[in-house]
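Here is a short report on a structure, written for a first look. Keep the model in view while reading.

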Protein chains: 2
Amino acid sequence: MSARVLVVDDVLANVKLLQERLTAEYFEVMTASSGEEALAAAGKMAPDIVLLDVMMPGMDGFEVCRRLRADLRTQHIPVILITSLESPADRVQGLEAGADDFLTKPIDDVALLARVRSLVRLKMITDELRSRSATGERMGIVEPLLFADINVDSRARILLIDDRPYSVERLKAVVSDVHDIEAVADLDQALLRASSGEFDMAIVSLTLSGADGLRLCSHLRSVEGTRTLPILVLSEPEDSKRLARALDIGVNDYLVRPIERNELLARVRTQLRHRRYAEQLRADVERSMKLAVTDELTGLHNRRYMESHLTTHIDTAIDTNKSLSILLFDLDYFKSVNDTHGHEAGDIVLTQIGGIVTDNIRGSDLGCRYGGEEFVVIMPGRSLRTAREVADRLRSVVEATEFEIPNGAEPLKITISIGVAALQGPDDTPLSLLRRADRALYLAKDGGRNQVIVEADKAA
Amino acid sequence: MSARVLVVDDVLANVKLLQERLTAEYFEVMTASSGEEALAAAGKMAPDIVLLDVMMPGMDGFEVCRRLRADLRTQHIPVILITSLESPADRVQGLEAGADDFLTKPIDDVALLARVRSLVRLKMITDELRSRSATGERMGIVEPLLFADINVDSRARILLIDDRPYSVERLKAVVSDVHDIEAVADLDQALLRASSGEFDMAIVSLTLSGADGLRLCSHLRSVEGTRTLPILVLSEPEDSKRLARALDIGVNDYLVRPIERNELLARVRTQLRHRRYAEQLRADVERSMKLAVTDELTGLHNRRYMESHLTTHIDTAIDTNKSLSILLFDLDYFKSVNDTHGHEAGDIVLTQIGGIVTDNIRGSDLGCRYGGEEFVVIMPGRSLRTAREVADRLRSVVEATEFEIPNGAEPLKITISIGVAALQGPDDTPLSLLRRADRALYLAKDGGRNQVIVEADKAA
C-alpha cells in the first residue's frame with residue numbers, strides 16, 4: 001500500500017537519504033526540517049506516518065510527538081522516532097511521548113520498510129473507523145475522541161506465550177504489578193486461551209523450543225476472534241529477519257531480549273491505548289446506531305425498531321413453531337396529567353413507566369414505546385397465558401407506584417389498561433396481531449380501565 | 001498480513017503444492033477437493049480468500065464462484081480462479097461468475113503472493129465496514145446488502161491515463177458504449193482530474209513515455225481524495241515485475257496487452273461492483289446514524305440534534321460576532337385535533353407542519369421538532385428582524401393551509417403561535433435563549449394565539 005510519509009530532520013542529508021529510499025518504494029514523501037515545520041505540515045497535509053528525528057535544535061522530537069498526539073487532527077498518525085542513541089531510557093521517554101516505534105541510525109532498509117508498512121496497514125483500518133465515527137461527531141451524536149484521553153491505567157488482561165521458565169517468571173514479575181498476566185507454554189493451549197476473548201493483548205516469544213512463534217502469530221491474525229488482538233513479540237538480537245516477517249504477518253510491536261522493565265511496560269501501554277482507542281471508535285458508531293432505534297424519553301425501543309422486529313419475530317415463531325405474544329397498553333386519563341401538571345410532569349411519568357416495563361420483562365422480551373402514551377411489549381416464546389401474567393404484574397406494579405413529579409406536588413397515582421394477543425397461525429401479520437391487541441385494549445378501556453383483557457382466544 | 005486461504009482443487013497434488021507455498025508465507029490454509037466441499041467450508045469457516053480450480057468434476061469453479069456470490073455469508077470473499085487455459089473468453093466467464101482475479105497453471109510464486117496479499121488487504125478494510133453495517137442490520141435499521149444486487153449497469157465515469165494515441169482511441173471505442181470515458185496524457189493533468197471527485201474509476205497505462213505510471217498510481221493511493229478510487233492498470237506481457245509492484249502499491253486489477261474487449265469490460269464491471277458495494281455499506285452506516293438525529297414523524301431534526309447543535313451555533317456566533325436567532329412555536333388548540341379526529345389525524349397534521357417548515361427556511365437554518373406539538377427553528381446569521389419575517393411567513397402559510405385528514409373529514413384549519421428570540425451576548429446559553437423564546441411564545445398565546453411575538457430586544 002502506498003502512503004504519505006512525513007520525514008522530519010534538521011540535517012538535510014538525512015532527509016534526502018530517507019526520502020530517496022522511501023520514494024524508491026513508491027511512498028509519497030513530504031519533508032520538514034524543524035519541529036515547528038513538522039507540526040504545520042502534519043496538520044495541513046495529513047500524512048499517514050511521521051518519521052521523526054529526536055535530536056533537533058529548538059523543539060526536539062519528543063516534544064513534537066507530544067504535540068502531534070494532543071491535536072485532534074494529528075493524534076491518530078503513527079510516529080516512528082529516529083534516534084542515534086540506543087538506550088532503553090530514551091525509548092521509554094519516546095513511548096511516553098506517544099511514539100509507536102523506533103529506528104536507530106544508521107537506518108537498516110529492511111527494518112525501515114517493515115515498520116512503515118506495518119503501521120500504515122493498521123492505520124488504513126483505523127481510518128475507516130474514524131471516518132464512520134466522524135459522521136457521528138458532525139451530527140452531534142458522539143463526542144470527538146481524544147487519543148490522549150483514552151484510559152490506559154486500568155488493569156488489562158495479558159496472555160503470555162513463552163516456554164522458558166526463567167523468562168516467564170521475570171516477565172510475570174514485571175507486568176503483574178500493573179496488569180493481570182497469565183502464562184502458557186503449550187501452543188494449543190495458547191490458541192484456546194487467546195480465542196476465549198478474555199485478553200486485551202498477547203505477548204509471544206518468537207524463540208519457543210520445538211514450536212514456531214511466527215506460526216502462532218499468523219494463526220492469531222487469521223482467526224476472527226483474535227484478528228485485532230494486539231500482539232507484542234519478544235525476539236533475540238540476531239533474529240531481525242524473523243522480526244521483519246513478524247511485522248509483515250501483522251504483529252503490532254516487539255522487544256529484543258534482554259528485556260528492559262520500563263520499556264516493556266511502556267510498549268504494553270502504547271498497544272493498550274491503540275486497542276482501546278479503536279474499541280471506543282467502534283463503540284461510538286454502535287451507540288449512534290443504537291440511538292436510532294431508541295425512544296429518547298423512556299430508553300425503550302422506538303416504533304421504528306418495534307415495527308422492524310415484530311415482523312422478524314413473527315417469522316421466526318412460525319418457522320420454529322413457537323408461541324409469540326404481545327401486550328399493547330396505554331395510560332389511563334393521561335391527558336389530565338398533562339393538563340393539570342404540564343408536559344414536563346407527563347414526560348416524567350412516561351419515563352418512569354419505561355423503567356417499570358424494563359424491570360418487569362425478561363431480557364428476551366422487547367419493551368417498546370409505540371408513540372404518545374402507548375407502549376408495546378413483544379414476548380417471543382410466551383403463550384397467551386404467560387403473557388396475561390406479565391400483563392397482570394405490570395398493571396399492578398403501575399397501580400402501586402407513586403409517581404413523583406417536581407414542584408412539590410403530591411405524588412400521582414396512575415393506572416394502565418392492557419390488551420393481550422398471541423400469534424394464531426401462519427397468516428398472522430404484525431398488523432393483524434396489533435389490531436387484535438388493540439381491540440382487547442379497547443375492551444379494557446370500555447370496561448372501566450385499570451384492567452387486562454386478553455383477546456378472544458380462538459385456539460383455546 | 002496473515003489470512004485464511006481456502007484452496008479448492010480435485011487434484012490432491014495441486015492442493016498440496018499451493019498449501020505448502022502459502023503456509024511457508026505464514027498464511028493459514030484450509031482445503032477442499034470439490035465444489036460442494038468448498039461451499040460448505042466457505043460458509044462455515046469464513047476464509048479471507050478462496051483459490052478455486054476451474055476444472056473440477058461435478059460442480060466446476062464458475063458455478064462454485066456464482067454460488068459463493070449469491071450467499072450473504074460468503075458474497076464478499078475474494079475469489080481467485082485457477083485455470084490451465086489462457087483464453088480471454090474463459091476469463092470473461094469467470095469475471096461474470098464473480099471472480100476477482102485469475103492465475104494460470106503452472107502458478108508463478110510472485111504472482112500468487114502479490115494477488116493474495118492485495119486482495120486480502122482490501123478485504124480487511126471492507127470487513128471493518130461490513131461489521132459496522134451489520135450492526136445496523138441487527139437493529140433493523142438497514143437491510144442486508146446483497147453483493148449481487150449492486151447496480152453495475154448504470155454508466156460510470158472513467159478516467160483513462162495513457163499517452164499512446166492509438167491505444168487511447170481503441171480503449172475509448174471499447175468503453176464508451178457502456179461508460180463515459182475521458183482520456184488524459186499528461187501526468188499533472190491526470191492528478192488534477194482524478195482528484196476532482198468526478199470519476200468512479202481510473203485506468204492507467206504503466207508504459208507511459210517519459211513518465212512512471214507506478215508513481216502515478218502510488219500518488220493516487222496516497223492522497224485522500226483518490227485513496228479508494230479503483231485503479232485498473234494496463235501492462236506489457238514482459239512487465240510482470242512492475243505488475244507485482246503495482247499490486248503491492250494498491251492497484252485493484254490489471255490487464256496485459258493486447259487488450260481483449262470483453263475482458264476489459266468485465267474487469268471494469270467487477271471493480272465498479274466492489275466500489276459501489278463499499279459505497280453502499282458506508283451510506284448505510286451514515287443513514288443509520290442520521291436516523292438517530294431525525295424525528296420520525298416530521299423528518300425534521302429531533303430534540304437530541306437540536307440541543308447538541310444549538311450549543312455549537314451559539315459558540316460559533318459569539319466567536320465570529322454574528323447574529324443568531326431562534327423561533328419557538330406550537331400549534332394552537334392542537335389537543336382538540338387529537339380529541340376530535342384521533343391521534344392519527346394529529347400525526348398527519350404534524351407531518352404537514354414539518355413539510356411547511358422545511359419549505360420555508362433556508363438550507364442553513366435548522367428545523368427541529370422539540371417534542372409533542374412544539375417546534376424550534378435555529379437560524380445562524382439571522383437578526384431578530386429577519387427572524388420575525390420568517391416567523392410571519394410561517395404563521396401565514398400555516399393559516400392559509402388546508403390540512404387534509406383521512407376518513408373523508410373536512411380539511412382542518414390550524415394556526416400556530418410563535419416566540420422569537422436572538423442571541424444577546426456572550427453570556428447567552430441554549431437554555432437562556434430558549435427561555436426567552438418561550439416567554440415570547442407565552443405572550444403570543446396569551447394575546448389570543450395565531451400571532452408572532454418577538455422578545456423584548458435589549459440590544460435594540
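In chain A, the C-alpha centres of domain 1 and domain 3 lie 60 Å apart. The model is a predicted one. Chain A is divided into three parts: domain 1 covers 1-107, domain 2 covers 144-284 and domain 3 covers 303-454.

**How the copies are related**

Two copies of a chain are related by a rotation about an axis and a shift along it.

**The interface**

The size of an interface is often given as the accessible area lost when the parts come together. Between chain B and chain A, the buried area is about 5,500 Å². Carbon and sulfur atoms give 53% of it. Three residues stand out on the side of chain B: Met1(B), Tyr26(B) and Met289(B) supply 15% of the area that chain B buries against chain A, more than any other three residues. In terms of contacts, 60 residues of chain B meet 60 residues of chain A.

Polar links also cross the interface. The rule finds 31 residue pairs in polar contact there, with both residues at pLDDT 80 or more. Several helices of chain B give two or more residues to the side that touches chain A, including H1 (12-24), H5 (109-138) and H10 (261-291). H5(B) gives the largest share, twelve residues. By class, this side of chain B has 18 nonpolar, 16 polar and 26 charged residues.

**Salt bridges**

Over all chains, the whole structure holds 80 salt bridges. Between chain B and chain A the count is twelve. The table gives one example between the chains and one inside chain A.

| Salt bridge | Distance, N to O |
|---|---|
| Asp48(A) and Arg227(B) | 2.5 Å |
| Asp9(A) and Lys105(A) | 3.8 Å |

Where do the partners Asp9(A) and Lys105(A) sit in the chain? Asp9(A) is in the loop between strand S1 (4-8) and helix H1 (12-24) of chain A. Lys105(A) is in the loop between strand S5 (101-104) and helix H5 (109-138) of chain A. The pair links distant parts of the chain, 96 residues apart.

Terms used. Residues are numbered from 1 along each chain as its sequence is written. Chains are lettered from A and ligands numbered from 1 in the order in which they are written. This is a predicted model: local features need pLDDT of at least 70, side-chain atom pairs count only at pLDDT 80 or more; totals for chains, interfaces and linings use all residues. Side-chain values use heavy atoms; hydrogens and water are left out. Contact means heavy atoms within 4.5 Å. Buried area is the accessible area (1.4 Å probe) that two parts lose on being put together, summed over both. A salt bridge is a side-chain nitrogen of Lys or Arg within 4 Å of a carboxyl oxygen of Asp or Glu. A polar contact is a pair of N or O atoms within 3.5 Å; within protein, one must be able to donate a hydrogen and the other to accept it, and residues adjacent in sequence count only if both atoms are side-chain atoms. Helices (H or I, at least four residues) and strands (E, at least two) are DSSP runs, numbered from the N terminus. Ala, Val, Leu, Ile, Met, Phe, Trp, Tyr, Cys and Pro count as nonpolar, Asp, Glu, Lys and Arg as charged, and the others, Gly among them, as polar. Domain bounds come from an automatic or database domain assignment.
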